[in-house]
Amino acid sequence: MKLLSNLLNSRLFALILKEIRQILRNKQLIFLLLFPPTMQLLLFGLALSPDVKNLTLSVVDYNQTRESWELVSALKENDIFNFKGYQTDAETLSQQVRQGNLAIGVIIPPDFQRKINQDKTAEIQVFIDGIDANTAGIAQGYITQIIQQYNIKLANFKDKQLIQTEVIFLYNQGLTSSWFFVPGVIGLVLTLTGILISALTVIKEKDVGTLEQLLMTPAAAWEILIAKIIPIFVLLLGDLLLASTIGKVVFHLPFRGNFAVFVFLSSLYIFVCIGIGILLATLVKTQQQISLISFFFNVPIIQLSGAIAPTESMPPFFKALSFLDPLRHYIEISRSLILKDIGIEGLWRPTLALVGFAVLLLSLSISRFRRQLG
Amino acid sequence: MKRILAQCSKELAQFQRDRLTVALAFILPLGMLLIYGFAIRLEIKNINLSVRDFDNTSFSRSYIDRLYATNQFVPVRYQPDGLDRGEVKATLVIPPKFYKNFQSDIPSQVQVTVDGTDVNNARVIQNSIKATTQFFLQNVQKDIPQQKIQPDIRIWFNPGRKESLYIVPGVYGVILWVFPSMLAAIAMVREKQDGTIVQVYASDLTSVEWLLGKGLAYFLIAIGEAIVVITLATIIFQVPIVDNILILIIGTLTFLASAVSFGLFFGVRSKNQTGAVQGTSILGFLTAFLLSGFIYPVSNIPYPLSLLSNLVPAHYYIILSRDVFVRGTGWTSVWYIPFILIFVSCFFLFVCSRILKNMQFSD
C-alpha cells in the first residue's frame, strides 16, 4: 500500500500522467496509431497474392478434330487458366500475347490428329507472356503437367506411377498467402508506427521549446525520458493487440505458439523501435525533418526484412546486410510463433539479436538525449 | 504566365537551399532502386533439402542424385527438427523396399514435407520435386510409351526469366510516384504551416497561378529525378529501351504530372508536414506498391479489391514502362495511358484550386 502511494506521489508518475494527457489530446497521434496500421494490414493481407490464377489463355485450332478439342478441354478444366475462346489465326494470337492481352497462346497444327493416329509426335506451340518472370515459370510448369497427363490418357497407358510423391505442407496446409504476409506486416506496422510516434513525441518538446521548461523542474533527465517511453510502449502494445486481432479475425491466423511468449518478444521489438525513434529525434531539430528522415530509414528496414520477398532468395551481399535489420529477426520470431508451434528455446538466435539491438539502441539514444539536455 | 514562372523559380531556389529535401529527392530514390533491383527476388535458387533414405540402394541413390542435379536443391544432413528450426525448406523420405517394390511393379510412396510458410516457394518446391520424379521415372521405366504430344513452349520477352527484367521497369512506377508526390506535398503544406500562405493571399497572385507555379517547379524536379533514376537503372541493370523512346517520354511526363498534382492535393488537405508525408506515403506508396501489379500481377488480386487497381495511376504507368523496356509493341497497346494520366492530373489540380479558393475566403 505504502509502495503504491509512494509511486502515485512520485515525480515519475506525475510526468507519466502529463505525457498520457498530452498524447490523448493529440488527435493526429491517435489517428497515426489506429488508421495506418489497420490499412496496412488489410491491404497487404488482401492484395498481395502469389497464387497464380485466372491466366488468360486462347487457342488457335487448325485441326478441329475430337482429339484437339479434348486437348483444349484439358487446358480449360482448372482454375489456373481462364479460357478466352478461340482465335482464328496464329497471327492475331501472337499479336494478342505480344500486346499483353493474353497470358498464354496455344497453336494446334493442322496435322495434329493425323500424327497422333500414326503414332508420331505432334508438336503444339505454346507462347507465354514472359513479362512476369515468376508467373511465367509457374504457368510453364502447369502447361507441361497438363499435357503430360493428357499424353498418358491418350496412350491408354496403365500408368501406375511407380514412385508417388506425397507432398505435405507443414505450418500452412492450404498455402494461404495471407498467412505468409500478415505476420510480416505486423512487424512492419510496429516498425513504422513505433519509430514515428516515439520520434514525434520526443522532438515535439524540443521543437516547441517546452523541453527547457521541463528541465527547470526538479525532474532528472532520465525521469523525463522514462516518462516518455512508458506511455509510448503501452500504446504500441495496444497496436500489437490491434494487429493481432485483425490477424485473427480477418485472416484467421492460427497463433500456434504461446501467445504470452509472442507478446513478450514483441515488446522487446517495440523497445528496439522506440530506440530508433529517439535516436532519430536526437539527430534532427524539427518535427518537419523527422517524418522525412524516418522515411529514409523505413525503406531499407522494410525491404531487407523479408516481409515481402523471402530473405533466402536475396543475393549474398544483401542477405548478409539483412542480419543488421532488426525487423528481419522480429519477423522470423512472429512467423515462427504464429505458424509453428515452437517455444522460445527454438528462437534463441533472433531473440538474442533483438536483445542486442534493444540494449544498443536504447542506451545510445538515451545517452545522446541526455547529452543534448546537459 | 510570367507570374507563374516567377513563382516557379522562387520555389526552385527554396528547394535548393534545403539540403535534407534535396537528399531526399535524389539519394532515397536511388537507394530504393538498388534495393529493389538487387535484393527483391521472389524465387529461391538454393533450397535446402534433406533426404532420409531408408532403402539405401544404388537405385534410391541415383534418385537422390537426380534431385540434386537440378541445381535447385542443396543437400543438408537430415535432422528430425530441421524444418521447425528453419534449417531446411523440405525433407524427403524414401521408404524401405523402394527398389524392390519398383522391380516388382508395386508403387511406393515418397513422403515430401515442405515448409509452407513461404507460400510462393512452397509451390515451386512441390512442382520441382514432382517434375524431377517424373523425369526420373521416364528414364528408368522401359515400357513407357512415346510422348505423342510435345509442347514447344516459348517464353516471350524474357526467355531466361531474369527477375530484374520484371522488377526494374515496375520499380520506376513506384519511385516516380512516391517521391515527386511527397516533395510536392511537403512544399505545399510548408507554406501553410509556416504561415507564409497568408502573404500569398495578400499578393495579387491568383490561387491558380500560385498552384501552377509551385506545381511546375516540382514537375521540373521530378523530371530530374526520373532522368537520374532511369539512366542509372538502365546502366546498372542492363534493361535497355526496346521501344519508341517517345512513348517513354510522353508517358513519364504525364505520369510525373499526375504524381505532382496528387502531392499538391495532399499538401492542401493536410495540416502539417507529418500529415502530408504520412498521407502520401501511406496512401500513395501502399497503392503504388500493392495495387499496381508491381510485385504480383493485378490478376492475382481478389475481385472487389482488384477494381481499385483501375484507380491507381502507377498501375497504368507500369504497363507502359514494361512495354517500353521489355515488350516493345509500340503505341497500339498503350495509347490510352497518357490520356488517363492527363485526366488524373487535371482532376487533382482542379480540386486543389477549389480548396484554395475556399480557404482564401473563409480565412
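**Close-up views of a predicted two-chain model**

**View 1. Helices α11(A) and α15(A) pack at an angle of about 30°, with axes 8 Å apart.** Helix α11 spans residues 259-283 of chain A and helix α15 residues 348-373 of chain A. Axes are lines fitted to C-alpha atoms, for helices over the stretch in contact; angles run from 0 to 180 degrees between N-to-C directions. α11(A) is therefore roughly parallel to α15(A) (angles under 35 degrees). α11(A) passes α15(A) in a left-handed crossing (the near helix is turned anticlockwise from the far one by less than a right angle). Contact residues include A:Leu265, A:Phe271 and A:Ile278 of α11(A), and A:Leu354, A:Leu361 and A:Arg368 of α15(A). Residues are in contact if their C-beta atoms, placed from the backbone, lie within 7 Å. By class, this contact has 16 nonpolar, five polar and one charged residues. Ala, Val, Leu, Ile, Met, Phe, Trp, Tyr, Cys and Pro count as nonpolar, Asp, Glu, Lys and Arg as charged, and the others, Gly among them, as polar.

The model is predicted: local features need pLDDT of at least 70, side-chain atom pairs count only at pLDDT 80 or more, and totals for chains, interfaces and linings use all residues. Residues are numbered from 1 along each chain as its sequence is written, and chains are lettered from A and ligands numbered from 1 in the order in which they are written.

**View 2. An open sheet of five strands runs β5(A)-β4(B)-β3(B)-β1(B)-β2(B).** Its pairing is mixed. Helices (H or I, at least four residues) and strands (E, at least two) are DSSP runs, numbered from the N terminus. The edge strands, β5 (163-170) of chain A and β2 (73-75) of chain B, each pair on one side only. Pairing needs at least two DSSP bridges between two strands. Neighbouring strands are turned by 30° against each other on average, direction ignored. Eight bridges join β5(A) to β4(B), and the two run parallel. B:Gln109 in β4(B) is the bridge partner of A:Gln164. α5(B) packs on the sheet, and its direction makes about 170° with that of β5(A).

**View 3. Strand β4 of chain A (residues 122-129) runs parallel to β5(B), joined by eight bridges.** A:Gln125 has B:Asp152 in β5(B) as its bridge partner.

**View 4. Chains A and B meet through 90 residues from each chain.** On the side of chain B that touches chain A, α5(B) gives the most, with 13 residues. By class, that side has 44 nonpolar, 28 polar and 18 charged residues.

Key. Contact = placed C-beta atoms within 7 Å. Parallel < 35°, antiparallel > 145°, perpendicular 65-115°, else oblique.
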